[in-house]
Amino acid sequence: MWNIGGEGQLLMGALAASCVSLAVPGWPGWAIIVLVALAAFVAGGAWAGIAGFLKARLGASEIINTIMLNYVAIYLVNWLVRGPLKDPASYVPQSPVFPAQAWLPQILPQTRVHAGIVLAILAAVAVYVLLWRTSLGFSVIAVGSNPKAARAGGISVASTMVMAMFISGGLAGLAGAGEVLGLYHRMLDGVSAGYGFSAMAVAILGHLHPAGVSVFAFLFAALRVGADAMQRQLGVPAAVVRLIEGTVIIFLQGRHMLPALLSRPRHRAGSSQTAASES
Amino acid sequence: MWETIFSLSFLVGLLTAGVRIATPLLVAALGEIMSEKAGVLNIGIEGTMLAGSLAGFLGAYYSGNPWLGVLAGLLAGGFISSIHAYLSITLATDQVVNGIAINVFGWGLTSLLFGALFGISANPPKIQTLEPIAIPFLSRIPILGPILFQQSPLVYIALLLVPLVGVALFKTDLGLSLRAVGEQPAAADTAGISVPLVRYIAVITGGLLAGLGGVFLSVGQLGMFTDNMTAGRGFIALAVVIFGRWNPVGALLASLLFGVAYALQLSLQALGFHVPHQFLLMLPYVLTMVALAGAVGRRGAPASLAIPYRKA
């Protein structure tokens, strides 16, 4: 299944994190963060779950639905930070600042690196364990390879689909929570700057394995930071990152032309027997 | 306010705007129908439309002639889709991944080019859009006249494309080959049809039309280019194809439905409807989801859709 709704799920997770943080200011830090993580996971998961449910029950394209939900989420956030969630003391559309206990601590001094990175690493490990060491993970992989065989083996394809989408969206939601608790400390427009789409590229490049994904996530993050700096210092539009990401995927897909290219000299130099053995 | 909504002039205005807004969707959907009927899923329409939008704008801006812009947009669409064609047909790789790659690429390329050429300013460059042309006699018909016969020439082109694509797909030999390749490529191959060639033609034609749809936005309607101006229309076009059952007339009706919904949302904003405008903006996207849920199953989908064909 394809979840192209990372943007929207990230936003919903950030939204949930914001609402929880603002609603329980008096609680101890660790309690807030646990509650926030839960809320963000559920929010992002539910957002993706809608598309998963529509696909499992009605066969509606999850590609289109997750994308549509992205736009709905963007507009929802847009309205909320200008309306019900708006900070009355500010001119800019944003929520009030979160109480200090809800801030994720900074890890590396003099940088903006926050505890969210720990969460991310834990998530990568958790995904690995989930997919390759649990029965749910087995169901997911089975349904992905061959739904009919999976169903014959007693796996409920429909609920596996919904579950997979839910977890997928939940992780995106956690990402949103991390951004909003660790970096911005409030809710605003543009919490996700195309992270959802980059995430897809990272997942594909990383061959759908947490280890590969971690490597490429770091690489793409470096690209982004560099692009921002380029925009500030040289005036090169930061969109160059998106162009690079797209080009990378295109050329990655293009790697399949290599076998044909590499075998051609042998083929051409060969006689009719080589031609016969090739076909 | 309600008296205004139910007045004839409001409805006529609404439908006129609806037709105009539906046009890019319709053209892109017609292109995608051709591609999908041949078995190739191209979700990169969004990026292709964007490329067409920018190329069209640049063509019109630098030449002073909007029609050269239209040509440029068409060609840009064809070019971008040829990348998708190569990856999906010759290299037989995953068509969804390729489509996403094209989208990201197209967005990045257009943002970068436009930003590099014009910078980010409060006063974006503008071009002359094509003036609406009233067709004599027919535009005098009450109600239908203004809706159908007083539109931009691009709308007429789009409406003409509907029967054109229909005839091409269902009444010509090439159309038959195209549909055969989408349903049973192995059988078509045995019958002597070159599956890759037919698919290339289908995908690139789809790209030409998607590019044309993009041009309609920049040159035909807004007279300018903004970052990511297609705003998901390419994905809505995918839904139009499904909702229209992979049929040109179905696509026409489905795109009109979305167009009118979008126009309705605009008019309601103008009328001061007491709903925050963001919810009205969500309407086209929610409608797409509802439409997809209603089009239960994908009856009419070509049997070999998104399955790469490899000669055994």
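Which residue caps the N-terminal end of helix 4 of chain B? The residue is Asn65(B), which places a side-chain oxygen 2.8 Å from the backbone nitrogen of Trp67(B). Before we go on, a word on how to read this predicted model: local features need pLDDT of at least 70, side-chain atom pairs count only at pLDDT 80 or more, and totals for chains, interfaces and linings use all residues. Residues are numbered from 1 along each chain as its sequence is written, chains are lettered from A and ligands numbered from 1 in the order in which they are written, and side-chain values use heavy atoms, with hydrogens and water left out.

Let us stay with helix 4 of chain B for a moment. Helices here are DSSP runs (H or I, at least four residues), as are strands (E, at least two), numbered from the N terminus. Helix 4 of chain B has 25 residues and spans 35 Å from its first C-alpha to its last, close to the expected 36 Å; that expectation is 1.5 Å times one less than the number of residues. After the helix comes Ala92(B), with a positive phi near 50°. Helix 4 also has the highest mean pLDDT among the elements of chain B, 94, while helix 1 (residues 2–5) of chain B has the lowest, 62. For reference, pLDDT is the predictor's confidence in each residue, from 0 to 100. Chain B as a whole has a mean pLDDT of 87, and 95% of its residues reach 70 or more.

Now turn to chain A. This chain has twelve helices and zero strands, and its C-alpha atoms fill a box of roughly 80 × 55 × 30 Å along the principal axes. The average pLDDT of chain A is 83, with 94% of the residues scoring at least 70. Over residues 267–279 of chain A, however, the pLDDT is below 50, and beyond near neighbours in sequence this stretch has four contacts in the model. Contact here means heavy atoms within 4.5 Å.

How do the two chains meet? In total, 43 residues of chain B are in contact with 38 residues of chain A. The area buried between them is about 3600 Å², and carbon and sulfur atoms give 84% of it; buried area is the accessible area (1.4 Å probe) lost when two parts are put together, summed over both. In chain B, Gln278(B), Tyr285(B) and Met289(B) lose the most area to chain A, together 17% of what that side buries. Across this interface the rule finds zero salt bridges (a side-chain nitrogen of Lys or Arg within 4 Å of a carboxyl oxygen of Asp or Glu). The largest share of the side of chain B that touches chain A, 14 residues, comes from helix 5 of chain B.

Conventions. Polar contact = N/O pair within 3.5 Å; in protein donor to acceptor, adjacent residues only side chain to side chain.
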